[in-house]
Amino acid sequence: MQLRRLMIVLAICIVGLVVAAFGMYRSWQNFTSGGLFGILSSHGHYMMVDGTSTTVTLDHKAERIVAVGPNVADLVSELAGDSVVATTAAPYQVTNTVKQRVAPDVNAIVALKPDIVIIEDGAESIELVSPLREKGVKVALLRR
């Protein structure tokens, strides 16, 4: 009788683990196929919908990224490493790989020839989105 109960409990636990693992797998696939992580790390076409509901598409992996804002500098450098060529603000983390600072100025950012500019939602940052897009630069705005 004890063995039978133990087998039933064990079977329920195994089914629960399988269901949880499948759910985590699907969740991970959804996470990696879109958003910032998808545009920085996946293969083929890179696409995300940014904070302005604009779909940003790259036809190759972003190799030259400019991060506008300290939070974005930390996030993007953790995800993309050496692909971050510059940031407008000092990153919060000391282990950050961003080596160059750039003024939050449209011409200064365009001069770096970025594949994409990732902008943190902030008072002065939002003003850069439209002028950069008008100059043909891919811009992704991350909302808080």
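The model is predicted, so local features need pLDDT of at least 70 and side-chain atom pairs count only at pLDDT 80 or more, while totals for chains, interfaces and linings use all residues. Residues are numbered from 1 along each chain as its sequence is written, and side-chain values use heavy atoms, with hydrogens and water left out.

**The sheet**

Let us begin with the strands. Helices (H or I, at least four residues) and strands (E, at least two) are DSSP runs, numbered from the N terminus, and two strands pair if DSSP finds at least two bridges between them. Four strands form an open, parallel sheet in the order S4-S3-S5-S6. Strands S4 (84-87) and S6 (139-142) are at the edges with a single partner strand each, so one side of each has no neighbour in the sheet. From one strand to the next, the twist averages 20 degrees.

S3 and S4 pair in the parallel sense through three bridges, and isoleucine 65 has valine 84 in S4 as its bridge partner. Strand S5 (residues 116-120) runs parallel to S6 and is joined to it by four bridges; here isoleucine 119 stands opposite leucine 141 in S6.

Helix H3 (residues 70-80) packs on this sheet, touching strand S3 (65-68), S4, S5 and S6, and its direction makes about 135 degrees with that of S5. Contact means heavy atoms within 4.5 Å; axes are lines fitted to C-alpha atoms, for helices over the stretch in contact, and angles run from 0 to 180 degrees between N-to-C directions. S3, H3 and S4 also make a right-handed β-α-β unit, where right-handed means that, with the strands pointing away from the viewer, the path from the first strand over the helix to the second runs clockwise. Just after H3, glycine 81 takes a positive phi of about 60 degrees.

**Cores and buried residues**

Buried means under 20% relative accessible area, exposed over 50%, and partly exposed in between (1.4 Å probe, protein chains only). Among the buried residues of H3 are Val72, Asp74 and Val76.

A nonpolar core is a set of buried Ala, Val, Leu, Ile, Met, Phe, Trp, Tyr and Cys residues joined through side-chain atoms within 4.5 Å. In the largest one, of 17 residues, Ile65, Val72, Val76, Ile116 and Ile118 touch the most other members. Strands S1 (46-49) and S2 (55-58), along with S3, H3, S5 and S6, each supply at least two residues of this core, and H3 gives the largest share, four residues. Apart from it lies another core, of 16 residues, including Val85, Ile109, Leu112 and Leu132.

| Residue | Relative accessible area |
|---|---|
| Leucine 128 | 6% |
| Aspartate 74 | 8% |
| Threonine 88 | 14% |

Leucine 128 is found in the loop between S5 and helix H5 (129-134). Beyond its neighbours within four places in sequence, leucine 128 is in contact with Val68, Pro104, Asp105, Val106, Ile109 and Ile119. Its C-alpha lies 7.5 Å from that of aspartate 105, 23 residues apart in sequence.

Threonine 88 sits in the loop between S4 and helix H4 (106-111). Its side chain reaches the backbone nitrogen of glycine 69 at 3.1 Å. Not counting residues up to four places away in sequence, threonine 88 touches Ala67, Val68, Gly69, Arg101, Val102, Ala103 and Pro104.

Aspartate 74 lies in helix H3. Aspartate 74 and alanine 90 are 16 residues apart in sequence, with 9.3 Å from C-alpha to C-alpha.

Key
A polar contact is a pair of N or O atoms within 3.5 Å; within protein, one must be able to donate a hydrogen and the other to accept it, and residues adjacent in sequence count only if both atoms are side-chain atoms.
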